[in-house]
Structures are given as C-alpha cells and as structure tokens.
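Here are my notes for a first reading of this model. Please keep the sequence and the structure side by side while you go through the points.

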Amino acid sequence: MLVQSWLGPVGTVSPTHYDSYHNLLAQVVGSKAVRLFPPQATASLRPMGGKMKNNSTLDMLKDDDLRLLSAVPCYDVVLREGESLFIPRWWWHYVTAIDRISADSLNKEKEIRHANSSSDRDSHSHIDSHSHSHSHSHI
C-alpha cells in the first residue's frame, strides 16, 4: 500500500480522471467536494488518448462542457475533516478544495493526483446522486 498526502488552498482542483487502482481518500484538514462518475460514463467524459486516457478532455468549470454531461449520472460528495471516501478503480472523479487549507491522505496501490470542491459548510457530509439536468455551480 502506498500512502500519499496532498495539501492545497481553497479552489485547488484535481481535473476529472480515473485510476486503475482502488483509492481511499481520507480528509485530514479542511473540506473538499468530490464528483464521481461511474465507469459506464467513460465515453461521455471524452477521455484523452494514449498514456493520458484516464484523464477527461472536459473541464468541469466550463458551462459548455457541463452541458455535454446533462444526462450523465454522477454522485456529489462533500468530504469533511475526519471522513474518508472509497473510490473504486475505474470510477472517474473531480475534486476541489472548498475551505482553508485542505489536506488529505490518499491510500492506494499506485500513484495518483487529488484535490478538492465546494458545498454547504454547515451540514453533515452527504452523497447526492443525480443526473446533470440542473445547475452545476456547486462544484
């Protein structure tokens, strides 16, 4: 098992990608938002080619790209201090830091990059499953 730590200020982003290894994302300090897409969404996420095939060509901060995903199911998760999220291999994920300095420890079998996103800071962590038929401004 490999353990890596990632630090970043508010707004630090890990672009949409998948890993061929299981990941356990443990939030140590701060909060982050994670958007997950199942492996079945691969074609809709328009993967890059070659060695970068596990990265999406879509930018989750661009409205035009988000419109392309309007019918694609996803899960939104807010991860807070002391919480963990298991990300199965092949699941696409986009991550954004949403408050102060965000630090996490990522346990996995191989190297990966991660970061963070935004949401309601006063409620408990949640998982929101939906299709993208509504506004995406919360990520």
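**Notes on the model**

1. The protein has one helix and seven strands, where helices (H or I, at least four residues) and strands (E, at least two) are DSSP runs numbered from the N terminus. Read from the N terminus on, the elements follow the order β-β-β-α-β-β-β-β.

2. Some ground rules apply before the details. This is a predicted model, in which local features need pLDDT of at least 70 and side-chain atom pairs count only at pLDDT 80 or more, while totals for chains, interfaces and linings use all residues. Residues are numbered from 1 along each chain as its sequence is written, and side-chain values use heavy atoms, with hydrogens and water left out.

3. Of the 139 residues in the protein, 45% are buried; buried means under 20% relative accessible area, exposed over 50%, and partly exposed in between (1.4 Å probe, protein chains only). Among contacts with a separation of 6 or more, 81% are between residues 24 or more positions apart, a contact being heavy atoms within 4.5 Å.

4. The largest nonpolar core has twelve residues, including Y18, F37, L45, M60, L66 and W92; such a core is a set of buried Ala, Val, Leu, Ile, Met, Phe, Trp, Tyr and Cys residues joined through side-chain atoms within 4.5 Å. Apart from this core lies another, of eight residues, among them L25, L79, L85 and V95. In soluble globular proteins, nonpolar side chains tend to be buried together.

5. How many salt bridges does a search of the whole structure find? There are two, a salt bridge being a side-chain nitrogen of Lys or Arg within 4 Å of a carboxyl oxygen of Asp or Glu. One of them joins R35 to D76, with the closest N and O atoms 2.6 Å apart. R35 lies in strand β3 (residues 23-37) and D76 in strand β4 (residues 73-79), so the pair ties together parts that are 41 residues apart in sequence. R35 is buried, at a relative accessible area of 0%, and D76 is buried as well, at 4%.

6. R67 and D64 also meet in a salt bridge, at 2.6 Å from N to O. Both residues lie in helix α1, three residues apart, or about one turn of the helix, and both are exposed.

7. D65 belongs to helix α1 (residues 63-68). D65 is buried yet has no salt bridge, and K62, the nearest side chain of opposite charge, is 5.4 Å away; here Lys and Arg count as positive and Asp and Glu as negative, while His and the chain ends are not counted.
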